[in-house]
Amino acid sequence: MASEDLHEISANWIKSLELASSTGDATSFVSHFHSDGWFRDLLCFSWNFRTLSGSDQIRGFLSEVVDGKPRLEHSGLRDFKLEDHSVNAPSPFKLPGPQGIEGVQGGFAFTITKPAAIGRGFFRLTQDADGKWKALTLFTNMQDLVGHEESSADKRGIYECRKTTWEEDVEQIGGGQCGLMSAARLGRLGIRALVIEKNSRVGDSWGQRYPNLTLHTPAYQNSMLYSPYPTTFPNYIPKGKLAHFLDSYAVDQELCIWLSSSIAATPVYDSSSARWTVDVQHGDKRVVLNPKHLVLATGSGSPRIPTWNGMDEFQGALYHSDFHKDAEQFRGKRIVVVGAGNASGDICQDFVAHGAAEVTMVQRSATFVISSSAAEQTQFKMPFPDGIPVEELDFHNNSMPLAFLLQLAKSGGTQHLKMLDKELHDGLRKVGFNLTWELSPGSGEVGVAAFLFDRLASGTMLDTGYGKLIVEGRVKIKQGQDISHFDKDGITFKDGSKLSADVIVLATGIEPIMKTTRALLGNEITDQLLPSRVWGLDSEGELNQIYRPSGHPGLWLTMGGFAFSRFYSKHLGLHILARELGIA
């Protein structure tokens, strides 16, 4: 299809959609969608994240009364303009899967009347049975509040953060990548955040992990907000190099971080003053802070350490994978690693590289496996030319409703993915490694995205070389039997079989983040959070809790990979800014 035709199709559709929006005509607005179309909105029509599927849901949402007016009329989106001269100019697209869905996609800008704001949108149009172009998906995203636009530098200027009194409005607990990017974003919006970090050095949340850890996704996917990695960095960044970069990032972004600091008592919220009382142990000083907003950026959860009878009788080394430091000291030893996910693979690879006599992986449940090469071809393929800011990739990726993405995977996308790794999967099966592409038996082959959105990638293995070790027998597999108990020599399984070991590593994942939240905030506050699960998809297909209202005033939660924080930190900032301005 010629570019002129793509532009004409897009321009006509956008012009008609703007007329429906500016006149508050919900029926006409919804008629621009297929009957089973998808609408994803981030903060343009409500102060929340919403995904609607089908004409009835979309119409119902836009017709809800807000301040005496239907939502569509109240928000007043208008001034629609195609992004003709950008990477989001109208272009053809084809979605993965046997249906071969093809159409026209593109970006556009608009203004919002209430609140006064600017936004960006993205559409994917396909033809209906009558040849009319209608939206398969539409995405609307608030970019900035008018008069409070994000600056190219910290609006608050250079400051001194070593003081032991603090009068600012945001306190953030945790200084990993989510905490650092959220604090940097808030600074660009004119909101100073104080970061409380338990470690003695920024970056230690990565630097203190197991020695051979590298990021499992390409460097550009893991770029830090406002600060791309140097071009000399490898595609898969080692944890030590990342730790050093995070340390310098905090300095470059002029973030205020109290290191070697922790929460000394359960925070208390005063609804009358709308402020928290937070008791902080800051080095050798005890400091009481009273922020309006408390942001939890405490990571993905604490180590999950199962208990089995006889663990205290085992005479070898026994530890969780989070505490793996030195495989060299176990050269010539028999190693058992309980678990069959990413950490297990990394650690088995480390033991093999350092001359362990025998390495056995205990697989307790089926694992989703994708090779790094297949992931790069399908999940991490850059849709734009080199040199395009990663923020454009974030906008493009997040324009796709998450629930629709899973639907595409079920309807054929996962089958395509499996074909790319057929040789690897066949080899793994031959040595007894159990594979799955379903979250639960019979639920459909939803693939890698579902494991990420539902389980934070638990139960997955992004193979960077350990698959070959398993296939070649250099890492043995024990699968199909539950653990019965430990004894002084190793592990006994419920079928009576045994594994003798000198070292047992529990690569058994992490506890739910809600457990960390409850330990930090106590039952009274945690019980008010709605829903009671952090992460995972809600009934509409949006991630629970993170970067959106938590259910408790002045409390926000952040977590996830680099790309999540890079994109959603803006929405966190807009939420907090709007509350400070009294418009949300």
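Colleague: How many bridges pair β24 and strand β25, and in which sense?
Modeller: Four bridges, in the antiparallel sense. Strand β25 covers residues 490-493. This is a predicted model, by the way.

Colleague: Which residue of β25 stands opposite I483?
Modeller: F493 of β25 stands opposite I483.

Colleague: What sheet do they belong to, and in what strand order?
Modeller: An open sheet of three strands, ordered β24-β25-β26, with antiparallel pairing. The edge strands are β24 (483-487) and β26 (498-500), each pairing on one side only. From one strand to the next, the twist averages 20 degrees.

Colleague: Switching to β27. Are V503, I504, V505 and L506 buried or exposed?
Modeller: All four are buried. Strand β27 spans residues 503-506, and both of its faces are covered. V503 and V505 lie on one side, I504 and L506 on the other. In a regular strand, side chains alternate between the two faces of the sheet.

Colleague: Which strands pair with β27?
Modeller: Strand β18 (residues 317-320) pairs with β27 in the parallel sense over four bridges. Strand β19 (residues 334-338) also runs parallel to β27, joined by four bridges.

Colleague: Now helices. How many residues does α5 have, and what does it reach end to end?
Modeller: Helix α5 (residues 177-188) has 12 residues. From its first C-alpha to its last it reaches 17 Å, close to the 16 Å expected at 1.5 Å a residue.

Colleague: And how many of the α5 residues are buried?
Modeller: 12 of its 12 residues. That includes R185 and R188, as well as Q177.

Colleague: Which residue with a positive phi follows α5?
Modeller: G190, with phi near 85 degrees.

Colleague: At what angle do α11 and α13 pack?
Modeller: About 145 degrees, with the axes 8 Å apart. Helix α11 is residues 402-420, and helix α13 is residues 447-455. On the α11 side the contact is made by L402, L405, L406 and T414. From α13 come G447, A449, A450 and F453.

Colleague: How do the residues of that contact divide into nonpolar, polar and charged?
Modeller: Six are nonpolar, two are polar and none is charged.

Colleague: Different spot. Where is G107 found?
Modeller: In strand β7, residues 102-112. G107 has a relative accessible area of 0%, so it counts as buried.

Colleague: What does G107 touch, leaving out residues up to four places away in sequence?
Modeller: K81, L82, E83, N88, G121, F122 and F123.

Colleague: Last topic, the whole chain. How many helices and strands are there?
Modeller: 17 helices and 28 strands.

Colleague: What radius of gyration does the chain have?
Modeller: 25 Å. A compact globule of 584 residues would come out near 25 Å, so the chain agrees. The C-alpha trace spans about 75 × 60 × 45 Å along its principal axes.

Colleague: What share of residues counts as buried?
Modeller: 53% of the 584 residues. Of the contacts with a separation of 6 or more, 67% come from residues 24 or more positions apart.

Methods:
Residues numbered from 1 in each chain as written. Predicted model: local features only at pLDDT ≥ 70, side-chain atom pairs only at ≥ 80, totals over all residues. Heavy atoms only, no water. Buried < 20%, exposed > 50% of the residue type's maximum accessible area, 1.4 Å probe, protein only. Helix = DSSP H or I, 4+ residues; strand = E, 2+ residues; numbered from the N terminus. Pairing = 2+ DSSP bridges. Expected span 1.5 Å × (residues − 1). Axes fitted to C-alpha atoms, helices over the stretch in contact; angles between N-to-C directions. Contact = heavy atoms within 4.5 Å. Nonpolar A, V, L, I, M, F, W, Y, C, P; charged D, E, K, R; others polar. Rg over C-alpha atoms; globule rule 2.2 N^0.38 Å.
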